[in-house]
Structure formats: structure tokens, C-alpha cells
Amino acid sequence: MTPRRPGATLGIDLGTTEVKAGVVTLDGRLLGLGRRRYPTAMDPVEGRAEQDPEAWWAGIAGAIHDALAAGGDRGELLGLAVDGHGPTLVPTDAAGRATHPAITWQDRRATIEAAALAEATGRSGWGLGILPAARWLETHEPAAAAATRWYLNTWEALALRLSGRAAAVVAGAAEPVPTAGLRAAGLRVERVPAAVPAGSMLGPLLPDAARALGLPAGLPVVAGVVDAYASLHGARMLEAGDALDVGGAAGGFGLYWDRPIEAAGSFTAPAPLPGLWLVGGAMAATGAALDWFRDDVLGGRWTTAQLIAEAAEVPAGAEGLVFLPYLAGERSPIWDPAARGAFVGLTLRHGRAAMTRSILEAAAFALRHVAGGISDAGGRPRVMRVCGGPAQSEAWNRIKADATGLPVEVPRILETAAVGSAILAAVGIGAHPDLASAIRAMAVMDHAIEPRPSTAAAYDAAFAAYLAVYPALASATAGSSPATDGGETGAPVRIEAVA
């Protein structure tokens, strides 16, 4: 008799540039993974950044097909959950079909609406979520707003289409924006659905959705979260001192701590686990910078693996070459959309390998920049997990450990957001008793990389140069201005790790 294969859940991770679908067993093994890409329609002058939710849906169908073909058996699936990028507004009709292109987190058109909502609600930035974009839609696209039944995040809109239930998902101790404040800002509050906790059951997979995706009808659909929170779960973030390099095209750093921390240029919010706080910040293009160099500068003649292998032979500090990864402005910790990227210190001896090395080191310095401010404010990371595409490179992981001074742990499954959604699905169907138990069982670390003291001096000097470049460049670049929110620079900060 053939032994029965273990049950598994399906995690769907709708990232900014691609969707990933992973079939993950209840003990944390990946049975199959699929992915599909989709475009963003952008107008830098207007500030528009939109995506077509139908392209997501087609991508999800393809990614699920590939995940199942790679080893996931439909008969093993016990449930599914979806995470997504955000805050991205998806206005939908009652059935979950979009009434307007999704207004992504990269869109910059709702600044006036954000200010009005902040005054009315006392919240700002990511604390307002999709609400500024919703108010912008009501003001500038009244026909689309009139056809809209729900204002949803990406993961909520997809869950509605899967299950037929509209819900605003709340993670951890977070609270929805008060209705009174929304009304005061002129928002149609009836378009914001009732709140449900992340990991709660939404309903069975609808027959039409099941046919479109190649899944069994009736499969339990569980409420998911923003992709950053899903990555936290999939990277085994459980205790104060656990930190995460979120990887991806943008990049970001997050730390769990036992209390709120006011760190320059970073945010603090309740963590998606009870009793903990999340402090950190997201960058703009630390991962995308390497893709840009590979494709747009070098014309795609070398693979990422080839470039990193060459860079690994260059000594720490990239032979005095410094790269500033602000190719799309920058978010944490300087918050300057007019910031510009640069190679600084170029000489005739610097070639492709040194330039690649400086890009890899810049991604690590961006993490150190955010983490250093958090450390100054009292939050002490003890270990940093890495995930996503960049974590496939042991050389890049080594650079991050040495340049930040933090031990780096590499998960067994690098697509941590998809794992995090699979974890939430397992909680929702009762396969694990609670979220912490599910994380312990399904988010498994593969190995650790300790920082080498022998490289500390070189990286301290290189990081000091990295910090000095931004204000000098900002003062010399037309249209740029130094940051006023956490953008101060000075002596290099060494992150103090928890013993």
C-alpha cells in the first residue's frame, strides 16, 4: 500500500511584481511552487501606479497549476489563504470584480486625501491603509466609485472572489480606523466591510473560482494578511529580538520588540502576534537595483548568479566604491522621493565585479541604516532572517551578515510570504492550535551565517561613506532635498545585538 502523503495548505503570495503559490505541508516542507509575473502601469509625472486585478487572477491560476504540477496533490490540500502587497486599493463590485484598476502602494496621487484623513482620524502613513486612495477615487473617478460596493486590500479582494465574503482583515492587536473619523473625512464608510481577525475562516471556495484555478470546490478559504506580515510568519518571527530582511524588489527591515519604539524614519505597529510590536521600515529599490544593473546597464549578458559570483571575489568595501540604491527615491529611513542613486568613487580599476559588489553591499547598508536607528532607540536585534530571491545567494547572505554585524538565518523555504499564508490557512482550518504553534511547526530555518569580525573595520568605513553620499548628492541634484524625517547622517552605527 502506498503511504498516505501528509496534508498541506496552499499559500498564495501576491507580490508587487509577481504572484507565488506554494503547497506547504503541516510540518513545513514545500511540495510545489509556481509563480507568474504581471505589469504595473506607471506615470511618474502624474504619480500613477496601477495594476489590473484580472492579470493577478490569471497569474494565480498559472502559479497554482505549476505548484500542483511540481508535486502538490489536489487531494492533499486542506485549505488556502492569500496575502498581498499593500496598502493597495482594489475597488470591487459585490462579487469581487474590480470596478477600477487597483491603485497600488506606489501610487502618489492621494497626498491631499491622506492629509485630510490624518487630520480627521489621528492616523497617518500606513496607518491609513487604502483609505486615502479610496477618497481619491471618490473625488476623481466618481463613475468608478459609484459602481463600487467594497474598498478592499489586495488580499481581501482576492478572498472575496474566492469565497464570496467581503471582510476587512485585522492582524494582531491592530484596530480598524474609527468610523466617525472616516465620515468626518467624507469617505463612504458603507464601502468598508466588517472586520475579521487574520487566520479566521471566510468560507468554502466557490465553484466558479475552483474551476478557474483548478482547485476542488469547497476548499476552506482563510483570511490572509499583507505580504509583509505573511513574511514575518514564514520567517519564524516569534520573539523580541527576531528581525527580518524582507528581500524582494523594494527591500525592508522589521524587528519584533516587547514595546513600541520611536525610531527615526521607521514605523511602529502592533505585531501580528499578541504581546509584541513590529518596528521597521521599507526601502524602495534595494533588490531592483541589481536587476537594473544586470538588464538595463549590462544588457542582460550575464545572469544574476554570474554577477554575484564575480562580486564575491571582490574584498569587503568594494575597493572603495560606494553605491547609493535610491533608484526610485527612498522610503525608510530618509523618506525622500527625490533621492537619487549613484556610484561614487569610480576609478579606472573598477569593473563589473566591483560595481556589482557595491550594489550588494548597498542593500546590506540600507538594512543597517534602518536597523541602526532602531538600535539607537532601544530595540536590539539578535538575529536577522533573510527571504525571497536575494536569499538564494549565499554570497549575498554573507555580505549582509558581515555588513550589519548580525547573525543571518536562512529559511528552508525562501518564499516566506507564501509560507506565511500557508501557516494562516493551517490555523484557520484548525490543523494547528494557534498561530505561534503553526509558525514553530511550519517555518523551519535551514542554516545560520555568523558575521566575521575580520570584515568589521572595512564595512564600518564603507558604511560611513554610504551615509555621507546622500546629503552631498541631494544638495547637488536638481529637485532633490535632504530628508527631514529620519534622514540625518553621521558616524556609522554598529547594531547592538541581543546576547
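I took buried to mean under 20% relative accessible area. The model I consulted is a predicted one.

**Entry 1. Helix α5**

I applied that cut-off to helix α5, residues 154–163. I found 10 of its 10 residues buried, so the helix is largely enclosed by the rest of the structure. I listed the buried residues as Thr154, Trp155, Glu156, Ala157, Leu158, Ala159, Leu160, Arg161, Leu162 and Ser163. I then looked at what follows the helix and found Gly164, with a positive phi near 85°.

**Entry 2. The seven-stranded sheet**

I traced an open sheet of seven strands and recorded the order β16-β17-β15-β14-β20-β21-β22, with mixed pairing. Which strands stand at the edges? I identified β16 (267–270) and β22 (445–449); each has a single partner strand, so one side of each is left without a neighbour in the sheet. I noted an average twist of 25° from one strand to the next.

I next examined α11 against this sheet. The helix packs on the sheet and touches β14 (242–245), β15 (252–257), β17 (277–282) and β20. I recorded an angle of about 25° between the direction of α11 and that of β15.

I checked both faces of β14 and found them covered. Asp242 and Leu244 lie on one side, Ala243 and Asp245 on the other, and all are buried.

I then followed the pairing of β14. Four bridges join β14 to β20, and the two strands run parallel; within this pairing I noted Val383 of β20 as the bridge partner of Asp242. Three bridges join β14 to β15 in the antiparallel sense, and here Ala243 has Leu255 of β15 as its bridge partner. I also recorded that β14 and β15 form a hairpin with six residues between them. Gly247, in the turn of that hairpin, has a positive phi of about 65°.

Moving along the sheet, I found β20 (residues 383–386) paired with β21 (residues 408–411) in the parallel sense over two bridges. Arg385 has Glu409 in β21 as its bridge partner.

**Entry 3. Helices α9 and α11**

I looked up the packing of α9 (residues 288–297) against α11 (residues 352–376). Their axes come within 9 Å and cross at roughly 160°. Angles over 145 degrees count as roughly antiparallel, which makes α9 roughly antiparallel to α11. I noted the crossing of α9 past α11 as right-handed.

I listed the residues that meet: Ala289, Leu290 and Phe293 from α9, and Arg352, Met355, Thr356, Ile359 and Leu360 from α11. By class, I recorded six nonpolar residues, one polar and one charged in this contact. I set one general point beside the list: an α-helix has 3.6 residues a turn, so residues three or four places apart point the same way.

**Entry 4. Helices α13 and α14**

I turned to α13 (residues 416–428) and α14 (residues 435–442), which pack at an angle of about 130° with their axes 9 Å apart. The two helices are therefore oblique to each other. I noted that α13 passes α14 in a right-handed crossing.

I found the contact to be made by Val419, Ala422, Ile423, Leu424, Ala426 and Val427 of α13, together with Leu435, Ala438, Ile439 and Met442 of α14. I recorded the classes as 10 nonpolar, no polar and no charged residues.

**Entry 5. The three-stranded sheet**

I traced an open sheet in the order β4-β5-β8, with antiparallel pairing. β4 (41–43) and β8 (102–103) stand at its edges, each with a single partner strand, so one side of each is left without a neighbour in the sheet. I counted two bridges between β5 (residues 48–51) and β8, and I noted Ile103 in β8 as the bridge partner of Glu50.

**Entry 6. Two single residues**

Leaving aside neighbours within four places in sequence, I found Tyr229 in contact with Ala171, Ala269, Pro270, Pro272 and Leu278.

I placed Glu119 in helix α2 (residues 111–121). Glu119 counts as exposed, because its relative accessibility is 74%. I also recorded 8.3 Å between the C-alpha atoms of Glu119 and Ala185, which are 66 residues apart along the chain.

Key: Residues are numbered from 1 along each chain as its sequence is written. This is a predicted model: local features need pLDDT of at least 70, side-chain atom pairs count only at pLDDT 80 or more; totals for chains, interfaces and linings use all residues. Side-chain values use heavy atoms; hydrogens and water are left out. Axes are lines fitted to C-alpha atoms, for helices over the stretch in contact, and angles run from 0 to 180 degrees between N-to-C directions. Angles under 35 degrees count as roughly parallel, over 145 as roughly antiparallel, 65 to 115 as roughly perpendicular and the rest as oblique. A crossing is left-handed if the near helix is turned anticlockwise from the far one by less than a right angle, and right-handed if clockwise. Contact means heavy atoms within 4.5 Å. Ala, Val, Leu, Ile, Met, Phe, Trp, Tyr, Cys and Pro count as nonpolar, Asp, Glu, Lys and Arg as charged, and the others, Gly among them, as polar. Buried means under 20% relative accessible area, exposed over 50%, partly exposed in between (1.4 Å probe, protein chains only). Two strands pair if DSSP finds at least two bridges between them.
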